[in-house]
Amino acid sequence: MQILKAKTTLIFSIICLVTSNLFGQGDDSTVVKNPNAVQAKYGSKGFEFTTNDNRFKLQIQSRLQFRFATPSDQDPQTFDDYSEDYESVFKINRARFKVGGHAFQPWLKYYWEYDVSQSNLLDFRLMIEKWEWLNFKVGQWKVEFTRERFISSGKQQMVDRSILNRVFTVDRQQGIEVYGRLKGDGIADFNYWIGTFTGTGLGNGSNDDSHLMYFARGQWNFLGREVKFEGNDVDISEKPAGIIAVATVSNRSPYTRFSSGGGGSLPGFENGDDGQYRVNQLNIETAFVYKGFSWQSELHQKEITDRLSNASPEILHGYYGQAGYFFNQLIGWWPKPLELAARHAGYFPDRGASDRIQHETSLAANWFFAGHKNKLTMEISRFDAEDLNFDYQEQWRFRIQWDISI
């Protein structure tokens, strides 16, 4: 009987040990956790599942964006747009599903993003980020050419991007990139990005000819701290951070603009033949955050050469400046979740015609229920356009948007 009890006790102990290892439970001082057991939690990037040895991590998040706009949700691009009859809209503007994490090693990272409403795979990429100064990325993503475009639509300060975005964004491309941070002492702090892409836009894994898109960006973190790719200082930075960046891109393709729909054409440029348009772009960018105040700006130049005609290159340029502030940092009774922001942008369709210009001026109020993961934005904008051959045109627009990530 005693032998039977001893065997039973031994078997029970073995069962307890095995199940404890399998499910990662038990006292860490006496039981070695199964490295394949998974820990689950909800974090900044949604639901997270991580193995005990941290070799694998899976992050899952969904995001919805509801928007009402009147008289229209579209930015006017030409003079004809100002005289069109518009209708107010209410829509699910974005519905995204995001998956990210790392595999095999914490420095081998992956990410993909799917647009549910448009049934479109937006991002898919692998990143090797073992060293701070030297990282690699391959796949499809938004090229880091402009801060305004690279900032996620869920982390913007205004309801949406400025009138410059449609003209100057490089948007999503497929390719490979090397990037990193060269962090020295004090102001000797720099970031760099160098990449080559197919240059034919989202969803196109092949180039139209033998000429690829080439991209480079250099960024000086002149206060020794980076400014995150976000539109606000929602974290209320205790120390100031600022950047000055210069980015350039060169491409030959049938397209003169890009968007989340792929390659397209600016007004006055037909969709061309393979390699018809040589497009060279330059962007000078600044950003700054400190104690609830945020600032960002861009200054663009874009040269378009039609290689099948003898016409001179068209040169487009534009600018914007944007600032926001949580006034509770200055006024005691001001609601802590409320931020006010403003933006002014100017676009010159042809630098050779100084009498042609378009402006946008927008004011916005943000209420952060849970940071960028749950916020309400209200915005009013004024657009105007001037041209020697047309009368002065103007238009007002009101929008309200709820953005929530789960």
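In this predicted model, a polar contact of 3.1 Å joins the side chains of His-372 and Lys-375. The protein that holds this pair has four helices and 20 strands, and of its 406 residues, 47% count as buried.

**Around His-372**

- His-372 lies in the loop between β18, which covers residues 357-368, and β19.
- Because its relative accessibility is 9%, and buried means under 20%, His-372 counts as buried even though it sits in a loop.
- Not counting residues up to four places away in sequence, His-372 touches Gly-154, Lys-155 and Gln-156, and also Glu-230, Asn-232, Val-234 and Asp-403.

**The protein as a whole**

- Among contacts between residues at least 6 apart in sequence, 57% join residues that are at least 24 apart.
- The protein exposes about 20,300 Å², and carbon and sulfur atoms supply 60% of that area.

**Nonpolar cores**

- The largest nonpolar core has 17 residues, and those with the most contacts inside it are Ile-304, Leu-316 and Tyr-347.
- At least two residues of this core come from each of the helices α2 (79-82) and α4 (165-168), and likewise from each of the strands β14 (277-290), β16 (314-325), β17 (338-348) and β19 (374-387).
- Tyr-347, leaving aside its neighbours within four places in sequence, is in contact with Ile-163, Leu-164, Val-167 and Phe-168, with Leu-316, His-317 and Gly-318, and with Ile-357 and Gln-358.

**Thr-200, a buried loop residue**

- Thr-200 is found in the loop between β9 (189-197) and β10, and its relative accessible area of 5% means that it is buried.

**A nonpolar patch on the surface**

- Nine residues form a nonpolar patch on the surface, namely Ile-128, Trp-131, Trp-133, Phe-136, Leu-182, Ile-187, Phe-190, Trp-220 and Ile-244, and together they have about 840 Å² of accessible area.
- Trp-220, one of the patch residues, lies in strand β10, which covers residues 213-220.
- With a relative accessibility of 32%, Trp-220 counts as partly exposed, because that class covers the values between under 20%, which is buried, and over 50%, which is exposed.

**Backbone details**

- The peptide bond from Thr-70 to Pro-71 is cis, with omega near 5°, and Pro-71 lies in the loop between β3 (57-70) and α2.
- Asp-171 has a positive phi of about 60° although it is not a glycine, and its place is in the loop between α4 and β8 (172-183).
- At 2% relative accessibility, Asp-171 also counts as buried.
- Ile-236, which is likewise not a glycine, has a positive phi of about 55° and is found in the loop between β10 and β11 (241-253).

Terms used. Residues are numbered from 1 along each chain as its sequence is written. This is a predicted model: local features need pLDDT of at least 70, side-chain atom pairs count only at pLDDT 80 or more; totals for chains, interfaces and linings use all residues. Side-chain values use heavy atoms; hydrogens and water are left out. A nonpolar core is a set of buried Ala, Val, Leu, Ile, Met, Phe, Trp, Tyr and Cys residues joined through side-chain atoms within 4.5 Å. Buried means under 20% relative accessible area, exposed over 50%, partly exposed in between (1.4 Å probe, protein chains only). Contact means heavy atoms within 4.5 Å. Patches are made of residues with over 30% relative accessible area and no salt bridge: like charges are joined within 9 Å, nonpolar side chains (Val, Leu, Ile, Met, Phe, Trp, Tyr) within 5 Å. Accessible areas come from the Shrake-Rupley method with a 1.4 Å probe; for residues, only the protein chains shown count as cover. A salt bridge is a side-chain nitrogen of Lys or Arg within 4 Å of a carboxyl oxygen of Asp or Glu. A polar contact is a pair of N or O atoms within 3.5 Å; within protein, one must be able to donate a hydrogen and the other to accept it, and residues adjacent in sequence count only if both atoms are side-chain atoms.
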